[in-house]
Amino acid sequence: MKKILFPTDFSPVATNAFVHALKFANTVKAEIVLLHTFDAPSYDSSFFPPNYTILYNSVELSKFEQFKDEVPKLRAIAEKLNLQHIILSHRLTEGDLTSCIFDITQDEDIDFIVMGTNGVQGWDDFFAGTNTANIITDGTVPVLCVPGDAEYRPIHQICFTTRFRKKDKKALKQVLAIARKTGAKVKCLYVKTASSDVTKDTIKAWEDEFSADPVEFHVMISDDVQGSIYDFIQQKDIDILTLLHYKRSFLAGIFNSSLTRKMANYTDLPILAIPADIE
């Protein structure tokens with residue numbers, strides 16, 4: 001049984017992402033580890049009266065009460081979707097959200113992370129982009145990023161961006177494993193720029209190797225990589241965009257608050273980011 005880490009602050013954005021997490025868990029046969037973090041006030045006992053400890057403890061207690069009240073709501077969502085069979089476990093942790101995610105990913109042997117990506121209560125900096133990009137680019141497991149406006153829809157078309165490198169091939173194999181479970185097709189996209197060094201022989205070798213798999217290979221000639229990807233998404237009615245962690249500049253564009261109008265049209269598309277060194 002695989003494990004999915006789902007960080008949440010119980011906001012509408014996170015709750016929307018929880019639906020995606022449930023559906024994804026059902027697809028890959030996984031259980032969900034629900035994570036909620038909080039920051040307790042810091043103080044030096046030598047400078048505060050003893051009763052300040054009561055205030056400190058009350059913060060922890062209030063977070064626990066919120067956690068206890070919100071978790072049943074998530075279970076009710078699972079039941080409404082007939083996904084109550086998915087195992088849910090819970091972690092309420094004090095500390096920095098990003099650090100907690102990295103720690104739990106290692107300690108719990110997490111296979112995937114599913115999280116919402118919007119500015120929401122208390123986690124604005126995380127969802128605004130900087131920390132989100134760090135989770136994606138510095139993490140060790142695939143991350144499914146779900147924009148706040150992304151309604152769940154069945155996965156039929158997956159876009160996989162590639163440079164035809166060895167590490168891309170490992171990631172493609174994992175995406176194909178997901179595609180087989182959902183009955184989806186993978187559209188493997190290479191944007192060939194003026195400085196591209198990928199040969200026709202390399203592309204042909206990939207096509208031959210994956211000829212029995214549900215994947216099509218597409219080449220677009222353009223120096224506007226991001227624009228070409230967005231055009232492709234629209235043309236092929238893509239449900240999920242998949243890319244590797246090393247594409248940091250592309251991630252910066254995805255999570256930049258000053259997206260162009262063209263890019264903003266597709267910010268409701270879930271993104272599956274896969275580490276370049278995945279096994």
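A salt bridge is a side-chain nitrogen of Lys or Arg within 4 Å of a carboxyl oxygen of Asp or Glu. Keep that in mind as you explore this predicted model, where the count comes to 9 salt bridges.

**Salt bridges within a helix**

- K204 and D208 join their side chains in a salt bridge, with N and O 2.9 Å apart.
- Both K204 and D208 sit in helix 7 (residues 200-209), and their spacing of 4 residues is about one turn of the helix.
- K204 is partly exposed at 43% relative accessibility, and D208 is partly exposed too, at 44%.
- E70 and K73 form another salt bridge, at 3.4 Å from N to O.
- This pair belongs to helix 2 (residues 52-80), where being 3 residues apart separates E70 and K73 by about one helical turn.
- E70 counts as buried because its relative accessibility is 18%, under the 20% cut-off, whereas K73 is partly exposed at 48%.

**A salt bridge between loops**

- R153 pairs with D237 in a salt bridge whose closest N and O atoms are 3.9 Å apart.
- R153 lies in the loop between strand 5 (143-147) and strand 6 (157-161), and D237 in the loop between helix 8 (225-236) and strand 9 (240-244), so the pair ties together parts that are 84 residues apart in sequence.
- R153 is partly exposed, at 38% relative accessibility.

**Cysteines**

- A disulfide is a covalent bond between the sulfur atoms of two cysteines.
- Searching the whole structure turns up 0 disulfides.
- C100 is buried at 8% relative accessibility, and C145 is buried at 2%.

Conventions
Residues numbered from 1 in each chain as written. Predicted model: local features only at pLDDT ≥ 70, side-chain atom pairs only at ≥ 80, totals over all residues. Heavy atoms only, no water. Disulfide = S-S within 2.5 Å. Buried < 20%, exposed > 50% of the residue type's maximum accessible area, 1.4 Å probe, protein only. Helix = DSSP H or I, 4+ residues; strand = E, 2+ residues; numbered from the N terminus.
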